[in-house]
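I opened a new notebook page for this one. My plan is to look at the inside, then the contact between the chains, then the confidence.

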Amino acid sequence: MSRLAPLFGRRRRYDDLSVSIQEHIAERADELVAEGMPRIQAEQAARREFGNVGLIEQRSREAWQWPTAESILADVRFALRQLMRSRGFTATAVITLALGIAVNATMFSMVSGFLMPKLPGPDPQHIVVPSSINPDAQFQPDVYPVSVPNYLAWSDDKRVFAEMAASDGRSGSLSQPGQQPEAIVYSAVTPNYFTIFRVAPELGRALLAGEDQPGHDHVVILSHGLWARRFGSDRSIIGRSVRLNREDYVVAGVMPETFRMMAYTPQLWVPMTLTEADGAAGTRKNRYLTLFSRLAPGVTLEQARAQLKILAEQDQKDYPEAEKRWGASARTLGDFLIYSFGIKKALAVMMTVVGFVLLIACANVAGLMLTRAVGRQKELAIRMSLGASRGRVMRQLLTEGIVIALLGGVVGLFISYFGIQGLRAGLNFNDAVAAVPVSLDRNVLLFAMAISLVSAVLSSVAPALKSSRTDINTDLKSETRGATSGRSHNRMRVFLVGGEIALALFLLIGSCILIRGVYQLDHQQLGFNHDHLLTAAVQLDEARYADATKQAQFVQEAIGRLQQIPGVQSVAVASDLPASGPGSVPIHIKGQVESNASEVHTALDVVVSPEYFDLTRIPLLQGRTFTGRDDGSVPGVVIVNQEFMRKYFPGQNPVGKQIQLDVTGVAPAWYEIVGVVADVKSYSEDPRTEPEVYEAWAQRPCASFSFLVRSNVEPNSLIPALRRAFAELDAELPLLRVMNMDQVIDKQRSGNPLFTKLLAAFAGLALILSAIGIYGLIAYSVGQRTQEIGIRMALGAKTRDISRMILRESFKVTAIGSSIGLVLALPLPTVFDSMFQGLPFRAPGVYPLVLVVMLAVAFGATYVPARRATHIDPTRALRSE
Amino acid sequence: MAKDSERRDLFPGALELMILQSLRWRPMHGYALAKHIKQVSDDLLKIEEGSLYPALQRLLREGLLESEAGVSAKGRPTRIYRVTEAGLHHLEQQVSSFEKMFAGITRVLAVAKS
């Protein structure tokens with residue numbers, strides 16, 4: 001009541017107050033008249049004695065007011081009226097800030113989608129992902145999958161892990177009678193998988209205990225997406241059967257749409273059958289399970305990590321052959337998902353860039369506000385002389401800043417709605433990225449609001465401080481537009497514009513270095529000929545191609561059929577496409593003693609058919625390539641690349657030497673090196689070349705591989721014939737990726753094109769904004785100096801002198817700002833090197849180039865106002881006050 | 001906001017105390033109150049007339065005073081201020097605390113003189 005009551009009776013209170021005060025003054029005046037003073041003088045004297053009526057009324061009213069809320073409302077209303085009055089200023093300031101806020105909100109939608117994933121189920125923070133630590137992996141070695149024996153051992157530790165589920169990502173074919181077989185990614189999971197997340201199915205049931213036993217395991221849980229897309233959200237799907245990898249599975253349930261975990265979102269789940277053989281000691285090197293575990297009550301992540309470390313150390317002792325140097329650790333679910341996505345650094349760079357763009361926008365708006373404040377000097381002085389305190393005037397100016405920033409925020413959000421749509425469309429370079437929801441969500445809204453307020457503070461505090469420090473006397477008296485305070489305002493603007501230029505230059509250099517690095521990667525020589533090369537990947541299923549003989553037979557028949565297609569020159573198969581990051585295996589070299597246990601030799605391992613080198617045009621340097629005779633009936637042979645020779649046989653001829661490959665699931669044997677071929681980049685999107693070993697397809701066929709087809713016609717024109725050939729061979733076998741090699745490489749660039757495009761756009765925006773800043777500064781200063789220029793010209797200064805004077809002013813700011821920007825940008829290559837390994841960031845040429853661009857832009861922005869200055873008519877200028 | 005609202009020559013609360021004490025003697029309108037305080041204090045205390053009104057409003061708000069429509073000695077409409085029960089109570093508390101304070105100050109000053 002005490003809060004609200006005053007709000008109601010207030011009108012009456014205010015009237016009472018005025019009545020009292022009016023009566024007070026009237027009575028005093030009467031008294032003075034009675035003392036013999038003339039009426040008019042008496043009234044004036046009474047008022048003087050009383051003091052500032054307006055101020056006192058205001059103070060008295062404040063006693064009733066809901067402290068600041070009301071006067072803030074009044075301030076906002078006043079600010080809106082003021083801003084309406086100068087629409088040009090308002091529009092410029094709002095749009096400038098809106099652009100800054102829009103790019104930030106747009107980029108933040110990615111932060112929200114990728115770094116703040118919505119995790120499934122209740123209390124997801126208690127779910128951890130225990131992983132192996134791979135001693136040899138370069139990329140994210142601490143989230144390596146786990147072997148079955150380790151899963152079984154770790155899940156037994158109930159004091160730490162209340163429950164643990166395992167998941168194995170697989171790809172297979174989903175088919176229905178009369179429909180094209182579809183390649184899908186799915187997961188085989190232990191039946192307790194859904195229990196860990198505590199998410200109930202949307203339809204039907206989850207997996208039951210016991211469904212991991214052979215004979216009971218042909219049930220499938222569909223994801224919401226697959227159910228909607230492939231089965232038209234048919235609710236009667238439960239109990240019906242679908243064909244997965246040529247076998248019938250009964251649909252038991254459908255998971256809700258919210259059951260989603262970034263890159264770990266398969267299209268369906270089947271039970272994982274774990275037999276005794278899977279857990280045998282010999283399978284320790286088979287690390288393929290991703291584990292999810294709910295921690296026991298009260299157990300922290302650190303305790304879980306400590307326990308895993310103990311378990312891993314014990315394993316090292318018990319199974320030195322398989323576990324030597326391997327470790328174990330855990331991350332929380334959210335941390336794991338974000339980390340394994342590996343997008344954090346790129347986002348950090350982008351957010352820094354857009355943050356700088358916003359700073360530049362704020363500096364521009366602050367400059368505008370200063371200019372405006374000069375024009376309002378007299379208004380402010382009058383308000384202060386009428387009793388407004390400095391704090392009060394400042395609050396008014398800040399309110400204006402906040403109103404502008406909030407308007408900018410609203411417009412910015414509107415723009416970012418479209419920005420996010422565009423971003424969303426660009427985020428399609430792989431399924432995992434496309435599956436992450438990026439939208440204008442609550443996080444983005446909150447963020448936009450927060451940065452609007454921050455920009456309000458950044459853009460209006462300095463001008464408000466400056467303008468409220470008004471000297472009433474000089475400002476009211478001065479007939480000119482405040483020449484003295486104008487100069488100090490101008491100093492501040494010079495400072496702001498200089499800062500803008502420094503930031504813009506820094507951003508431009510950083511962006512150029514990054515874009516150049518990515519460009520060079522995209523255009524690096526890969527070491528093989530990727531023109532006219534069609535590729536298609538297959539995954540042979542166990543149902544039909546259980547053993548190596550059947551796999552080899554399939555390949556032979558397929559190659560035969562493909563070669564019949566007109567336009568096809570040659571066909572090869574390879575376990576991995578060139579420059580597509582094949583797996584790495586430990587190797588041993590006969591006769592070389594491994595001096596240090598921690599220094600394990602590794603090489604990338606690819607299995608290729610004899611036609612491969614000829615087809616890809618990878619030159620043979622020494623020895624021979626594979627022939628049709630290199631099959632299972634003869635001792636193993638391998639071919640190595642140049643880097644392998646350089647690293648493991650420096651100064652020697654490796655041909656004839658024996659090496660052993662530590663391939664999982666293959667009995668160790670010695671292979672003879674029969675040839676050396678030229679290097680191919682290990683990854684098309686990375687400058688590295690690693691030691692590589694090629695095995696002969698006929699000696700070790702595998703189930704998952706790609707066909708390479710060299711054609712003398714446009715490769716994609718062969719796709720229908722290629723599909724027909726495979727369909728004739730096996731109608732139920734899906735082709736995973738059918739595309740030409742250039743498309744494969746393009747796909748492997750993943751986010752790079754989007755990343756560089758965004759960088760270029762933001763750097764361009766920064767450049768434009770700072771150009772506007774320079775223009776605004778110079779135009780304003782020319783306007784201020786109209787009289788001076790008029791005098792100079794009247795006294796005989798030539799237009800050339802005038803324009804030189806203006807240009808000098810602009811050049812000074814640009815030079816100072818640029819030098820600061822250059823110095824700040826010097827350590828950038830080192831910073832980027834530490835963030836993104838292997839990219840060519842050393843680019844000293846970028847610095848002078850960007851500097852020249854900046855100077856040119858500054859000159860351009862100065863040119864218009866400088867020209868205007870030279871066209872000043874001295875007689876008009878002198879009268880211009 | 002009330003903090004910076006007056007430049008008082010009096011210590012905080014003194015003006016309110018004098019208003020309450022004066023109005024306790026008899027209800028008055030603003031001008032009479034100002035005149036009363038001036039006369040009683042023999043012009044020793046400098047009170048800006050204007051600062052009276054914010055103080056009156058604060059006292060009204062806190063329920064220590066109430067106001068009603070009335071007419072001045074000259075017959076003009078004005079508002080008459082009157083102390084409420086709560087105001088009387090508040091006044092007694094304040095007066096006793098002031099008296100203690102004055103006693104303390106006086107003693108200290110006396111000791112310092114001797």
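I started with a term: a nonpolar core is a set of buried Ala, Val, Leu, Ile, Met, Phe, Trp, Tyr and Cys residues joined through C-beta atoms within 7 Å. I call a residue buried if 20 or more other C-beta atoms, placed from the backbone, lie within 10 Å of its own.

Some housekeeping: this is a predicted model, with local features needing pLDDT of at least 70, side-chain atom pairs counting only at pLDDT 80 or more, and totals for chains, interfaces and linings using all residues. Residues are numbered from 1 along each chain as its sequence is written, and chains are lettered from A in the order in which they are written.

Entry one, the inside. The largest nonpolar core holds 164 residues, and Val220(A), Val357(A), Leu508(A) and Ala766(A) have the most contacts inside it. Helix 13 of chain A (residues 344-375) gives the most to this core, 20 residues; helices here are DSSP runs of H or I, at least four residues, and strands are E runs of at least two, numbered from the N terminus.

I found another core apart from that one, with 58 residues, including Leu533(A) and Val606(A).

Entry two, the chain contact. I counted 22 residues from chain B and 23 from chain A, where contact means C-beta atoms, placed from the backbone, within 7 Å. On the chain B side, helix 3 supplies the largest share, seven residues.

Chain A averages a pLDDT of 86, and 94% of its residues score at least 70; pLDDT is the predictor's confidence in each residue, from 0 to 100. Over residues 1-6 of chain A the pLDDT is below 50.

How values were computed
Two residues are in contact if their C-beta atoms, placed from the backbone, lie within 7 Å. A residue is buried if 20 or more other C-beta atoms lie within 10 Å of its own, exposed if 12 or fewer, and partly exposed in between; C-beta atoms are placed from the backbone.
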